[in-house]
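We will go stop by stop: select, look, then move along.

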Amino acid sequence: MTACEGGAISYEGAVELLLSNKFDEAESRFEKDIDASTRHALLFAQVAFARTVLSMDPADAQQAMERCWDANSRAVEALRGGASALGSMFGGGTEVSEAERIDYTLVSADAHLMGAMMQMILGSYVKGAWNIRAAWSLYSGVFATREESPDAVPAHLRCIVDFGVGMFNLVVSLLPSTFLTIAQVVGFSGDRQVALRLLTRSSESGEFWAPFSNLLLLYFYTQLCPNLGISAPEHAGMVGTLCASEAATKVPDSCLYLWMRGGGARL
């Protein structure tokens, strides 16, 4: 397992732990590395988020939400540290590169999105909706930079923003027509073809976040399409391609991939 500077687990190693059914080991390791970077703090929140998705336990949701807001606070503080001209003048600030600014913004976007979902599980629907909108705004801002000046966004962050914007488009595209219209009026995009294109681009990037895009595509084809009555004959072939991809073969024993392969076999 690769380590990054300071002995903290690498992002690739972290994703491998998350997807290899080693949740207790992942939580213990991420807690130890929480101060290594804002993204390590986000990984610590993601373990609790994954546990909540599986358990739907309000206590787990509360813990996940608190970790999300902690990760967001760290990202905001990191951004403010580089934005303070007065702090820099007196040696109290640290200049933030464009790549770091984008990374902190994406950490904040992920934290808002996961925190919003936890709020909804806990019954705070208005706050949840507000934070989903905040997450979309953050993702959209980085995506505009990614499309206009691709070289300004490092490859691993391009993968993450493609995942985020693709996921939003996919979820919104599956809403009933009335809700879809409302979502588009308030600023969300719900183009399914754009969603699939971005998720595929992210999945094929070879970056550490690619397995999550790969899994979301598999979930769409094996679970959502059959249940929503939008399956197509070519979906079985797409599932086979996704399961044989580099992103999938990195974690062959993942329970999530075993589930998706089982769903693909039924198509």
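Start with the charged pairs: a search of the whole of this predicted model turns up 12 salt bridges. Here are a few of them to visit.

**Stop 1: Arg51 and Glu27.** Select these two residues and show their side chains. They form a salt bridge in which the closest N and O atoms are 2.4 Å apart. The pair joins distant parts of the chain, since Arg51 sits in helix α3 and Glu27 in helix α2 (residues 23-32), 24 residues apart. Arg51 counts as partly exposed, at 24% relative accessibility, whereas Glu27 is buried, with a relative accessible area of 15%.

**Stop 2: His40.** Stay in helix α3, which spans residues 38-55, and select His40. Is His40 buried or exposed? With a relative accessibility of 2%, His40 counts as buried. A polar atom of the His40 side chain lies 2.7 Å from the backbone oxygen of Ile9.

**Stop 3: Arg74 and Asp70.** Move on to helix α4 (residues 58-83). Here the side chains of Arg74 and Asp70 meet in a salt bridge, 2.9 Å from N to O. Why are these two separated by about one helical turn? Because they are 4 residues apart in the helix. As a rule, an α-helix has 3.6 residues a turn, so residues three or four places apart point the same way.

**Stop 4: Arg201 and Asp162.** Next, select Arg201 and Asp162. Their salt bridge has its closest N and O atoms 2.8 Å apart. This pair, too, links distant parts of the chain: Arg201 belongs to helix α10 and Asp162 to helix α8, 39 residues apart. Arg201 counts as partly exposed at 28% relative accessibility, while Asp162 counts as buried at 1%. Together with Asp162 and Arg201 they are linked in a network of salt bridges.

**Stop 5: helix α10.** Helix α10 has 12 residues and reaches 16 Å from its first C-alpha to its last, close to the 16 Å expected at 1.5 Å a residue. Colour its buried residues: Ala195, Leu196, Leu198, Leu199, Ser202 and Ser203. They cover an arc of only 165° around the axis, which means that they lie on the same side of α10. Show the neighbours as well: these buried residues pack against α7 (125-148), α8 (155-173), α11 (210-228), α12 (235-243) and α13 (246-249).

**Stop 6: the nonpolar core.** Finish inside. The largest nonpolar core has 76 residues, and those with the most contacts inside it are Phe30, Leu106, Phe168, Trp209 and Tyr221. Select these five, then centre on Leu106. Which residues does Leu106 touch, not counting those up to four places away in sequence? They are Arg39, Tyr139, Val142, Leu157, Ile160 and Val161.

Definitions and conventions
Residues numbered from 1 in each chain as written. Predicted model: local features only at pLDDT ≥ 70, side-chain atom pairs only at ≥ 80, totals over all residues. Heavy atoms only, no water. Buried < 20%, exposed > 50% of the residue type's maximum accessible area, 1.4 Å probe, protein only. Polar contact = N/O pair within 3.5 Å; in protein donor to acceptor, adjacent residues only side chain to side chain. Expected span 1.5 Å × (residues − 1). Arc of directions from axis to C-beta. Contact = heavy atoms within 4.5 Å. Salt bridge = Lys/Arg side-chain N within 4 Å of Asp/Glu carboxyl O. Core = buried A, V, L, I, M, F, W, Y, C linked by side-chain atoms within 4.5 Å.
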